[in-house]
Structures are given as C-alpha cells and as structure tokens.
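Hello,

Here is the structure I said I would pass on. My notes on helix packing, cores and backbone angles follow below.

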Amino acid sequence: ILKIPDDKVKALVLLDNCPAHPQVEQLTSDDKKITCMFLPAKQTSLIQPMDQGVIYTAKRLYKKKLLNEILEVEEPAAGEEDRRSYKTLQNHKNYNIRSMIYNFASAVKDIKPSSLINSWKKLLINEEVEPDTAELETEDFHNIFHQGGENSATLEDIELWLEADEYGLSYHILTEEEIVESVTATENSETDEYDQHETDDNVNPKPKLGEIKDHLNIVIKYVEDNNDENISAYYEHLRHLRELIVKEITVKGRQPKISSFFKPVSNVNNESVPYTMD
C-alpha cells in the first residue's frame, strides 16, 4: 500500500503485555528490519483511547440493560403477594448468549459521541477527561435494584459488582489439569443438561399462537395511543409480526388432525366396528 521497496522496509511493532501475544523473537524478522517492543507494564491504560472511559462506559451501560431485562420492577397491587424476586429469577434463567450479545451491541450504540472524542485527548494532547457517567453512577444502579424489590443490596455491594472486573484479571491461563477437568466435566454433564432441558420444557411450555396474537394486540394498541416517537417507530414492525402470527395460525388450522385419517365402518349388521385407515 505504501509502495516501499522491500529492501527499505523498516517497522517497529508496539504491543502491550497481554500474555496472549507471542514472544518478541517470534515477531522479529530474520533481517531485523521488523522488530517488536512491549510497552512498559501498566502504561497501555494511560494512552489507549478505548481505556479512556469507553470500555468503562460500555460495561456500565451493558449492566444497566442487563438489570432492566431481568429485574421485575412492577410492584404488586395492594393485597397481592410480592412475586418480583421469583419473576426476576425466572428472567435470569431465561437470559442467554443471544440476549447478552444484543444488549452489549445496544450498549455500544448508546455510547455518546463526546465520550469517543474525549477518549483521544489523553493520547493527542495529554489531557485527562473524566468519563460521562450520567445515570450510570452507583446510586442509579442502587435505585434500579430497589425498584426490583432487591432492598437488601447496599451501595457497597453494588459498587463491588460494578467494579468487579476492573481490578481482576480479564484472563486466566488454564493448566493441563484444568483443561482435562473442564473437558471431562462437559462430557459428564451432557446427559444431565438434556434431562434438565426436558424438565424445563415441561415447566415452561411454549405459549400458544393465539395467546401471542392477543398480547400483540395489546402492545399494538399501546403503541397506537402513545405519542412518543421512539415507541411509535415500531408500530409497523409489530403489525407485520402480527400478520406472520396470523398466517401461521391459519396454516396450522388447515392441517388435518390425525383423527381425520380414520373413519368408522359398519359391518353387514350395521354394527360399529373399530376405526380403520381409509
């Protein structure tokens, strides 16, 4: 790309001290024209733009979306049992990798442009800017927990949860014994997982299409009566989803039942005999 003759190529590869990186010797060319150097320990967080509040903000945005999805915040009516903790537990059990990926992608989109601009100031002009943590402070998360009925969570507990991955290592090099134990444990748990899935299917049966359509009608009515543009933007999508559900209901309604393949026959004395295949 740079149109530099091969005999003129010289490069210095700068890397941080992540253990996943190869050794210096492996990244150095035989003629020494391409060499490698590791940055001093604990220096990369001072100059890399993503470490200037971007990763920090993304993690907090994700954790807020996680809580908003799994915490049941609707308070019970007077005289009703408070089942928020139970519903929260069920939501947590249903939370999966797909939900995690969607929420993290959404969190990254929510990072303000100003946060991305400020992340370069340390490297370019040696100016430190505090990350924008509006509505992402420990007190904000404390309020979310309390809205979900988790009143035992203290500010110290929440701060520890928010900062848990800031102080610990983000990686762990497995020993050979740990690798073997991990593989064998996975093999031994396959049958248990299958049995658990069977149990979960019985405990949480799939909703009927008619029920889904009825709930969609309620949501569509809510969107129709709402003046918020961010909500009304999904009106056509919801109507299209309802059309697909109605089509699926219609198709299933046309499928013959197994009983339609059988019919009673009569013998010469007009006595009923068992059903037989047509």
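In the contact of α7 with α8, T138, E139, F141, H142 and F145 of α7 meet L155, I158, E159, W161 and L162 of α8, contact meaning heavy atoms within 4.5 Å. By class, six of the residues in this contact are nonpolar, two polar and two charged; Ala, Val, Leu, Ile, Met, Phe, Trp, Tyr, Cys and Pro count as nonpolar, Asp, Glu, Lys and Arg as charged, and the others, Gly among them, as polar.

The model is predicted: local features need pLDDT of at least 70 and side-chain atom pairs count only at pLDDT 80 or more, while totals for chains, interfaces and linings use all residues. Residues are numbered from 1 along each chain as its sequence is written, and side-chain values use heavy atoms, with hydrogens and water left out.

Helix α7 (residues 138–147) packs on helix α8 (residues 155–162) at an angle of about 110°, with the axes 9 Å apart. That makes α7 roughly perpendicular to α8 (65 to 115 degrees; under 35 is roughly parallel, over 145 roughly antiparallel, the rest oblique). Axes are lines fitted to C-alpha atoms, for helices over the stretch in contact, and angles run from 0 to 180 degrees between N-to-C directions. Helices (H or I, at least four residues) and strands (E, at least two) are DSSP runs, numbered from the N terminus.

Helix α2 (residues 54–70) also meets α8: their axes come within 11 Å and cross at roughly 120°, and α2 and α8 are therefore oblique to each other. Here R60, K63, L66 and L67 of α2 meet E159, W161 and L162 of α8. This contact has four nonpolar, no polar and three charged residues.

The largest nonpolar core has 18 residues, and L67, F141 and I158 have the most contacts inside it. Such a core is a set of buried Ala, Val, Leu, Ile, Met, Phe, Trp, Tyr and Cys residues joined through side-chain atoms within 4.5 Å; buried means under 20% relative accessible area, exposed over 50%, partly exposed in between (1.4 Å probe, protein chains only). Each of α2, α7 and α8 supplies at least two residues of this core, and α2 gives the most, with seven. Leaving aside neighbours within four places in sequence, F141 is in contact with R60, K63, K64, L67, L136, I158, W161 and L162.

Two loop residues have positive phi without being glycine. K32 has phi near 65°, lies between β1 (11–15) and β2 (34–38) and is exposed at 58%. E135 has phi of about 65°, lies between α6 (121–125) and α7 and is exposed at 56%.

Regards
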